[in-house]
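Here are a few notes to read alongside the model. Have a look at the rings and charges before going through the points.

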Amino acid sequence: MALEQSFVGREYPPDVVYEVGREKIREFAEAIGDSRPEYVDAGAARALGYADVVAPPTFTTIVNLASINRIVNDPELGLDYSRMVHGDQSFTHHNPVVAGDRLAVTTTVESISRRAGNDFITLKAEIRTEAGEPRVTTRALLVVRDAEESA
């Protein structure tokens with residue numbers, strides 16, 4: 001079943017605010033195996049010009065995942081989650097994410113296409129502080145494999 005084309009251009013405004021904490025940054029850095037001091041030590045981060053500990057570049061995946069799930073779980077879209085794979089992810093960094101930031105995500109369905117019997121959906125997320133300061137723009141390409149092709 002093809003994805004519902006009317007979703008292209010649909011925007012999902014922020015529904016929650018995510019407060020970035022020092023411990024969450026430390027846990028994420030540890031999980032990805034990056035032990036840079038600016039991820040765990042406020043003094044080291046300040047010495048590099050940051051207001052507080054700084055998040056690794058892919059940290060906003062945590063914030064973005066909820067917005068992606070909000071879209072892919074919308075029954076009107078017609079996406080079979082059991083057939084979905086992550087095709088690509090990109091990040092454009094505008095300003096560093098630091099502990100204390102309160103982040104809100106606005107997500108837009110940029111495109112939906114069908115190739116070789118598979119559906120491709122591109123989602124763009126604008127991650128900003130609650131005050132509107134840009135932090136990161138992400139794009140995720142999701143591929144929904146055709147039921148007959150994957151059987």
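1. First, a quick definition: a charge sits over a ring if NZ of Lys or CZ of Arg is within 6 Å of the ring centre and within 35 degrees of the ring normal. Keep in mind that this is a predicted model.

2. With that in hand, look at R115: its charged end sits over the ring of F120, 3.8 Å from the ring's centre. There's another case at R10, which lies over the face of F7, 3.7 Å from the ring centre.

3. Now for rings meeting rings. How many aromatic pairs turn up in a search of the whole structure? The search finds 2. One of them is F28 with F59, an edge-to-face pair with 5.5 Å centre to centre and 80° between the planes. F28 belongs to helix α1 (residues 22–31), while F59 is in the loop between α2 (42–47) and α3 (61–72), so this pair ties together parts that are 31 residues apart in sequence.

4. Are F28 and F59 buried or exposed? Both F28 and F59 are buried.

5. Last stop, D119, which you'll find in strand β5 (residues 118–129). D119 has a relative accessible area of 3%, so it counts as buried. What does the side chain of D119 make a polar contact with? One partner is the side chain of R114, at 3.0 Å. The D119 side chain also reaches the backbone nitrogen of L3, at 3.3 Å.

Technical notes. Residues are numbered from 1 along each chain as its sequence is written. This is a predicted model: local features need pLDDT of at least 70, side-chain atom pairs count only at pLDDT 80 or more; totals for chains, interfaces and linings use all residues. Side-chain values use heavy atoms; hydrogens and water are left out. Rings of Phe, Tyr and Trp (its six-membered ring) pair if their centres lie within 6.5 Å; planes under 30 degrees apart count as stacked, over 60 as edge-to-face and the rest as tilted. Helices (H or I, at least four residues) and strands (E, at least two) are DSSP runs, numbered from the N terminus. Buried means under 20% relative accessible area, exposed over 50%, partly exposed in between (1.4 Å probe, protein chains only). A polar contact is a pair of N or O atoms within 3.5 Å; within protein, one must be able to donate a hydrogen and the other to accept it, and residues adjacent in sequence count only if both atoms are side-chain atoms.
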